[in-house]
Structures are given as C-alpha cells and as structure tokens.
Amino acid sequence: IRSKLQGMTVEDLKGVLNDEDHFEKFFFDLEKEYEPLESLIESTEKLRDDLKSKALENQELQTNIETSRNDIICKYQDFHQKKSELQETVSRLKELKERVEPNILADGLLRLSVNCEEESDMVAETFLQRDIS
C-alpha cells in the first residue's frame, strides 16, 4: 500500500482525497492487488454477518426469556395464593377438630342433658300444677 501511495503524484493523491469515485476506485484496485486486504475485508464481512445472526438469535431468546419469566411470576403468585388458602383451611380444620374433642363433646352433651332435664322438670311441674288447681 505504501509503495503504491509513494508512486502516485501529488495531483493523483489530491484527486483520491477530493473525488469520491476516484477514492472508491483506488481502494477497489488496492483490494485486487493486495490479497491480505481482501481476506481481511471478507473476514470482517463474515464477522459482521455472524454478529447479525447472533443478535437475531439473542432477540428470539430474549422473547423466550421474558415469556418464561412472566410464566414463573404467575406460577409464583398462584403458589402463594394457594398456600394462603391452604393455611386458612388448615386453621379451620384445627378449629373444627378442637370442637369435636371427646372431652369437649362429653362436656357439651352433659350440659345439654342437664338443661333438657331441667326443662323437663319445669314442664312437668307446670303440668302438675295445672292439674292440681
């Protein structure tokens, strides 16, 4: 590249710098003459294409990640809702279990029996007092 630039006149160099078509032709000729430059350009283009395909792949993966994240959040919320419902059910079951303990039931039945017997005695007394009077 250096030898080609040294072989050019000042007018040619100014022409390359000032005229866009001349500039492109100069680099096009350089590409043809200098193979490592051509392979470097091809390598750069290949890297650019690979980068573009990776970017597109990453965009797809990003969409999948966001969808999966939203699914996990929904499942997490469902889990906590069901957990709280289960805790409420367990506490209700404990409360009901405490109400049907054998000792508590026996005590309740005894009270009911005593109340029923007292009512029965009162009804019998009332009835007997009506018959006597």
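R111 counts as exposed, at 55% relative accessibility, in a model that is predicted rather than determined by experiment. The side chain of R111 meets that of D107 in a salt bridge, with a distance of 2.5 Å from N to O. D107, for its part, is partly exposed, its relative accessible area being 34%. The two residues are 4 residues apart in helix α5, so that about one helical turn separates R111 from D107. In general, side chains of opposite charge can pair when their charged atoms come close. The structure holds 1 salt bridge in total, and the pair formed by R111 and D107 is a salt bridge of this kind.

Helix α5 comprises residues 102-132 and is also the place of E125. A negative surface patch is formed by E125 together with E117, E118, E119 and D121.

The secondary structure of the protein chain amounts to 5 helices and 0 strands, and the pattern read along the sequence is accordingly written α-α-α-α-α. As for overall dimensions, the C-alpha trace spans about 150 × 30 × 15 Å along the principal axes of the protein chain. The radius of gyration of the protein chain is 49 Å, whereas a compact globule of 133 residues would have a value near 14 Å. Buried residues make up 4% of the 133 residues in the protein chain, where a residue is called buried when its relative accessible area is under 20%.

Between E57 and E88, a separation of 31 residues in sequence corresponds to 47 Å in space, C-alpha to C-alpha. For N64 and I104, which are 40 residues apart in sequence, the C-alpha to C-alpha distance in space is 58 Å.

Terms used: Residues numbered from 1 in each chain as written. Predicted model: local features only at pLDDT ≥ 70, side-chain atom pairs only at ≥ 80, totals over all residues. Heavy atoms only, no water. Rg over C-alpha atoms; globule rule 2.2 N^0.38 Å. Buried < 20%, exposed > 50% of the residue type's maximum accessible area, 1.4 Å probe, protein only. Patch = residues over 30% accessible without salt bridge, like charges linked within 9 Å, V, L, I, M, F, W, Y side chains within 5 Å. Areas by Shrake-Rupley, 256 points an atom, 1.4 Å probe, with all protein chains shown as cover. Salt bridge = Lys/Arg side-chain N within 4 Å of Asp/Glu carboxyl O. Lys, Arg positive; Asp, Glu negative; His and termini not counted. Charge placed at Lys NZ, Arg CZ, Asp CG, Glu CD.
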